[in-house]
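Student: Could we go through this structure together? I would like to begin with how its parts are named.
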Amino acid sequence: MSQTISIRTPSQHAPSSGNKAAMITGGAAIALAILFNVPFSTLASIYQYPDILRRPAGEALDLFASGGPVLILTWYAFAIAALALAPMALALSITPERLKSAPALSIGAALFGALAGVMQAIGLLRWVFAIPAVAAAHADPMASEAARYQAERTFDLLNAWGGVAIGEHLGQLLTVLFVLLLSIIQWREQDRITAAAGFGTAAAIAIGTGEGLAMVLGGNGDLFSLATIIGFMGLTLWLILTGANLIRNSKASASAA
């Protein structure tokens, strides 16, 4: 009796390295979308963020001082989650296929996404390395009224520069450009649902960048703030759709192979 021995090569039963990388990137995009919301939700619970920023500086400082190390570490986690957008933008944008089909869009998306993550992290890190000392000075029972007033003005300036100018305005504008360029690539790749979610996200965040400017000019920033919230909810959805699409396409390619 003769026996036929079938030998399978690795390519016949395992996904290629490209498919593996795409699946890992897709899973990381979904994880980032979820994990970014964990410190945000925690801050909303223990520090009444972001509403606390619209209250008197003294109230925000005293509440911060009472939060202790847990609050500081939560802000640190929030900053790291924002910084994680930088490598994620590179992984999503710089792929052999996208560099070949749309090099300018791919490189532009990677650059803007990386800068967006860095800018937003810088803005958030003020809560870790600058605000604690200001809050402690304000909460000191031996502090004079002049010292407390100075702490409040310092808090306002740190928020205006580190928060509004760097983190929110520049960070959000760069996020808009990243999402917009990558969504254009997705549209050209026939991933129309994900691309449409990206276009809506970019539009909402772009509108939200007007909040700081409106307040400087003496206007009301509430509608802009609402647009920002909607935009970052859209960013969560867009990242999940992007990750899910990468995983689905990778599995389809592996099955076809």
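Tutor: Helices (H or I, at least four residues) and strands (E, at least two) are DSSP runs, numbered from the N terminus. This is a predicted model, in which local features need pLDDT of at least 70 and side-chain atom pairs count only at pLDDT 80 or more, while totals for chains, interfaces and linings use all residues. Residues are numbered from 1 along each chain as its sequence is written, and side-chain values use heavy atoms, with hydrogens and water left out.

Student: How many helices and strands are there in the protein?
Tutor: The protein has 13 helices and zero strands. Its C-alpha trace spans about 100 × 40 × 25 Å along the principal axes.

Student: Where is Gln48 placed?
Tutor: Gln48 is in the loop between α3 and α4. Its phi is near 55°, a positive value in a residue other than glycine. Most residues other than glycine have a negative phi, and most peptide bonds are trans.

Student: Which residues does the cis peptide bond join?
Tutor: The cis bond joins Tyr49 and Pro50, with omega about 5°. Pro50 is also placed in the loop between α3 and α4.

Student: And what about Gln190?
Tutor: Gln190 has a phi near 75°, again positive in a residue other than glycine. It lies in the loop between α10 (145-188) and α11. With a relative accessible area of 56%, Gln190 is exposed.

Student: Turning to the rings, how many aromatic pairs are there?
Tutor: Rings of Phe, Tyr and Trp (its six-membered ring) pair if their centres lie within 6.5 Å; planes under 30 degrees apart count as stacked, over 60 as edge-to-face and the rest as tilted. By this rule there are 15 aromatic pairs. In one of them, the rings of Tyr47 and Trp127 have centres 5.7 Å apart and planes at 75°, so the pair is edge-to-face.

Student: What does that pair tie together?
Tutor: Tyr47 lies in the loop between α3 (37-46) and α4 (57-83) and Trp127 in helix α8 (residues 126-129), so the pair ties together parts that are 80 residues apart in sequence. Tyr47 counts as buried at 0% relative accessibility, and Trp127 is buried with a relative accessible area of 0%.

Student: How is the pair of Tyr49 and Phe78 arranged?
Tutor: Tyr49 and Phe78 are edge-to-face, 6.4 Å centre to centre with 80° between the planes. Tyr49 is in the loop between α3 and α4 and Phe78 in helix α4, so this pair links parts that are 29 residues apart in sequence. Both Tyr49 and Phe78 are buried.

Student: Which residues touch the most other members of the largest nonpolar core?
Tutor: A nonpolar core is a set of buried Ala, Val, Leu, Ile, Met, Phe, Trp, Tyr and Cys residues joined through side-chain atoms within 4.5 Å. In the largest one, of 49 residues, Tyr47, Phe64, Trp75, Phe155, Phe178 and Trp238 touch the most other members. Helix α4 gives the most to this core, with ten residues.

Student: What is Trp75 in contact with?
Tutor: Taking contact as heavy atoms within 4.5 Å, and leaving aside neighbours within four places in sequence, Trp75 is in contact with Leu43, Tyr47, Tyr49, Phe64, Leu124, Trp127 and Val128.

Methods:
Buried means under 20% relative accessible area, exposed over 50%, partly exposed in between (1.4 Å probe, protein chains only).
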